[in-house]
There are 2 protein chains.
Amino acid sequence: MSAATPAPITVALLGGGTVGSQVARLLADNADDLAARVGAPLQLIGVAVRDASRPREGVPGDLLTDDAAGLAARGADIVVEVMGGIEPARSLILTAMAAGSSVITANKALLAADGGTLYRAAADNGVDLYFEASVAGAIPLLRPLRESLSGDRVHKVLGIVNGTTNFILSKMESEGADYAAALAEAQALGYAEADPTADVGGHDAAAKAAILAELAFHTRVTAEDVSCEGITGVTAADVAAARDMGFVIKLLAVAERTPDGSGVIVRVHPAMVPSDHPLASVRDAFNAVFVEAESAGDMMFYGRGAGGAPTASAVLGDVVAAARNRLSGGRGPGESTYAGLDVRSIDEARTRYYVNLDVADRPGVLAAIAQAFADNGVSIQVVRQDGHGDDAGLIVRTHLATDGALRRTVDNLRNLDAVKSVVGVMRVEGEAGP
Amino acid sequence: MSAATPAPITVALLGGGTVGSQVARLLADNADDLAARVGAPLQLIGVAVRDASRPREGVPGDLLTDDAAGLAARGADIVVEVMGGIEPARSLILTAMAAGSSVITANKALLAADGGTLYRAAADNGVDLYFEASVAGAIPLLRPLRESLSGDRVHKVLGIVNGTTNFILSKMESEGADYAAALAEAQALGYAEADPTADVGGHDAAAKAAILAELAFHTRVTAEDVSCEGITGVTAADVAAARDMGFVIKLLAVAERTPDGSGVIVRVHPAMVPSDHPLASVRDAFNAVFVEAESAGDMMFYGRGAGGAPTASAVLGDVVAAARNRLSGGRGPGESTYAGLDVRSIDEARTRYYVNLDVADRPGVLAAIAQAFADNGVSIQVVRQDGHGDDAGLIVRTHLATDGALRRTVDNLRNLDAVKSVVGVMRVEGEAGP
């Protein structure tokens, strides 16, 4: 560092909620460390909030403003957007970039809906766009994917990226609770919203899956490209049956290359994971992302996926990176969609199913059921018969097949006389082998 | 990217062993992807090997040279050093930097012994120094520590960073094998060298611990600062006793801030870890590093710690980063030792001990032993008495105390009439509470 104190790097903050107030606190509390790590002090020049008359702990009152557009246009070195939602966040980010500011955002919904617009504006204006906090909160995950693994070839990403649903499924697993009771507990503890749809419906995870897929496969992927199924249909019986077979149920965000390498498939759904898989022990509100790469092999990144302080930590890491770039004249990585892979339907994904059937107890039932699998080209890995008479049950786990063929098989099973009802159907992920 | 093909980024490779040959292979196999990600093609201009007359798969014969110094001095954009050892690696790296080359190295021994010299040379010559592959092989770990967590405050790093010892301890755990048998199996499978001292003595882990500590705490730490104890004293009885108490034994690299924040302590030793801790399920030759940060909370990074292809993946990620910097005129992070914390002795570390004693079976024994703990200010968490008569045993687990006090306690116990022998002593890590 030179002897003269370098000019400060200015930071404007759009949003003063849980994450924004933690970002402001960390900028103040860690000011000396941040200055030493950046090579210049970071100076907060304004915080845009809805009601500027309401004091915020740790934020000097004269920094508060309700004029977000004015703050975004002031040309700060770095603008941090932690408001969430598509608008006005997008317009404000574009305003900031046009004014020459690098932008840090935690806005997964916006990135998954229209990330391309943000990337283009960053490139056009010669500024940085960083968004580590948008997926898996505090876990350093996007920087490793964008940078550390940039010399490798990612085959598949399997993520537990929604803490609310992981908390609910963990409660169902550890306490035998049913879905409604576990959801109520999550709501009581503040892990789930009063309207939990975005979480339990898988939509939050789908936005994150799109972001992960774009980075892993260098292909533009939006939330609309993601096949999405939530956890509202998962029953205590499913959880118990999974445990009996040595599995746990997790809501997974899966992004993978097609076997021929020309396409990418992105999906969110509950899945049975072998209990000795590293993802199986990710409990409660923790997040983890498992990456399979050609040369690096299997990796996992684990940590807190949400919360004010953890998310603010990820935002601050990006602020430091953008600030260093300001000082050195460098630039962070831009959009990388050169691969331009086809985004394919989940029908083409190669998955395996667990199917739990309530069946008639008479000769020939197994033959009829096995035939339904064979008719769709699906090979059976394990069959287990349980009970007799009215309680006769059959559990089938398949080998890998296309998801479309597996879905057609289940449709056919529903129409068989031998099958009284299809009690449970779930995909199985994380198993080696065919 | 501009319409004209940009000039290639040149790469020189020092070392043609397991890692070097994989780096050369990946540069060739992934040439198109790498060019798209960098924005310019990467061109391998030479590979320095001991015997240039011996052909290497995947490396054109005319690129091989036994003149490492000449290749290092050629002014390639990027020089990759994967020879290992202190010299001639250090001199070659300094030659390369003086010629204006950015340097990627996997050389943990050199970084831990004399990283400061390399950092200074990089700064003096305005080039990059990256070394992701030096710790925990393929796991993107150093970039997250140096960059993603640069807005946070790390309290403690706990790592399983040596695959050989983790394989041996996993075998002792899963098969009840004793140390010698597990080592022999590791040697037969190629996980351990014929002379395993560097691994089983903890020295390899100590070098990595020094590198992790320097990055986490912004303080210069060398291998000599690391208190180091290997796994050669771990017995099958220790492993069984740990399991009975719900623990597994791991060789840990621990780097932590002292409670008052003014110092850092770095140590490598076997430790008992609760079996529900995320590190406990890291088995066989896998590596993992657990990080406790103030805002981000607990995180873990898991993956393959060694092997040609995984290590080459980490090297290539650094090559892409350095190449992007060449094109953009940016610079990666330099040395960050601004905090300048005191490096303290393990005596000052606050740890907890498990102590397994063979004791006389007579009244007053427990009182005498409890007194030895009390005399050193050590508080006991659990005592368990096993057996009677000649087989009388006592297992003690303590609360947190300074390592010095715990060590003095054990010395005192050895001198007590009531204690026939100290059968096992091991530190306990990863438990919450006092």
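Tutor: This is a predicted model. In it, a rotation of 180° with 0.0 Å of shift along its axis superposes chain B on chain A, with an RMSD of 0.0 Å. The two copies are thus related as by a two-fold rotation axis.

Student: Which C-alpha of chain B is nearest the axis?
Tutor: That of B:Gly330, which is 1.8 Å from the axis.

Student: What confidence does the predictor give the complex?
Tutor: The complex has an ipTM of 0.92 and a pTM of 0.93. For chain A, the mean pLDDT is 94, and 99% of its residues reach 70 or more.

Student: On to the interface. How many residues of chain B are in contact with chain A?
Tutor: 51 residues of chain B are in contact with 51 residues of chain A. On the side of chain B that touches chain A, helix H2, helix H6 (142-148), strand S12 (297-304) and helix H12 each supply at least two residues. H12(B) gives the largest share, 13 residues.

Student: And by class, what is on that side of chain B?
Tutor: The side of chain B that touches chain A has 25 nonpolar, 15 polar and 11 charged residues.

Student: Why can one say that the copies meet through the same surface?
Tutor: Because 100% of the interface residues of chain B are also interface residues in chain A.

Student: Which strands are joined between the chains, and in what sense do they run?
Tutor: S12 of chain A, residues 297-304, is joined to S12(B) by three bridges, and the two strands run antiparallel. Within this pairing, A:Phe301 stands opposite B:Phe301.

Student: What comes just after H2(B)?
Tutor: B:Gly39, which takes a positive phi of about 100°.

Student: S1 and S2 were part of that cover. In what order do the strands of their sheet in chain B lie?
Tutor: The order is S3-S2-S1-S4-S5-S6 in chain B, an open sheet of six strands with parallel pairing. Its edge strands are S3 (64-65) and S6 (129-130), each of which pairs on one side only.

Student: How many bridges join S1(B) to S2(B)?
Tutor: Six bridges join them, and the strands run parallel. One of the residues to look at is B:Thr10, whose bridge partner in S2(B) is B:Gln43.

Student: And S1(B) with S4(B), how many bridges there?
Tutor: Four, again with the strands running parallel. B:Val11 stands opposite B:Ile78 in S4(B).

Student: Which way do the residues of S4(B) point?
Tutor: In S4(B), residues 78-81, B:Ile78 and B:Val80 point one way, while B:Val79 and B:Glu81 point the other way. All of these are buried. In a regular strand the side chains alternate between the two faces of the sheet.

Student: What about S4(B) and S5(B), in what sense do they pair?
Tutor: S4(B) pairs with S5 of chain B, residues 102-105, in the parallel sense over four bridges. Here B:Val80 stands opposite B:Ile104.

Student: Turning to chain A, what is the strand order of its six-stranded sheet?
Tutor: The sheet is open, its order is S3-S2-S1-S4-S5-S6 and its pairing is parallel. In chain A, S3 (64-65) and S6 (129-130) are the edge strands.

Student: Which residues does A:Phe290 touch?
Tutor: Not counting residues up to four places away in sequence, A:Phe290 touches A:Leu158, A:Pro278, A:Leu279, A:Asp298 and A:Met300. A:Phe290 and A:Gly430 are 140 residues apart in sequence, with 9.7 Å between them in space, C-alpha to C-alpha.

Notes:
Residues are numbered from 1 along each chain as its sequence is written. Chains are lettered from A and ligands numbered from 1 in the order in which they are written. This is a predicted model: local features need pLDDT of at least 70, side-chain atom pairs count only at pLDDT 80 or more; totals for chains, interfaces and linings use all residues. Two residues are in contact if their C-beta atoms, placed from the backbone, lie within 7 Å. Ala, Val, Leu, Ile, Met, Phe, Trp, Tyr, Cys and Pro count as nonpolar, Asp, Glu, Lys and Arg as charged, and the others, Gly among them, as polar. Two strands pair if DSSP finds at least two bridges between them. pLDDT is the predictor's confidence in each residue, from 0 to 100. Copies are superposed by least squares on the C-alpha atoms of residues with pLDDT of at least 70 in both. A residue is buried if 20 or more other C-beta atoms lie within 10 Å of its own, exposed if 12 or fewer, and partly exposed in between; C-beta atoms are placed from the backbone.
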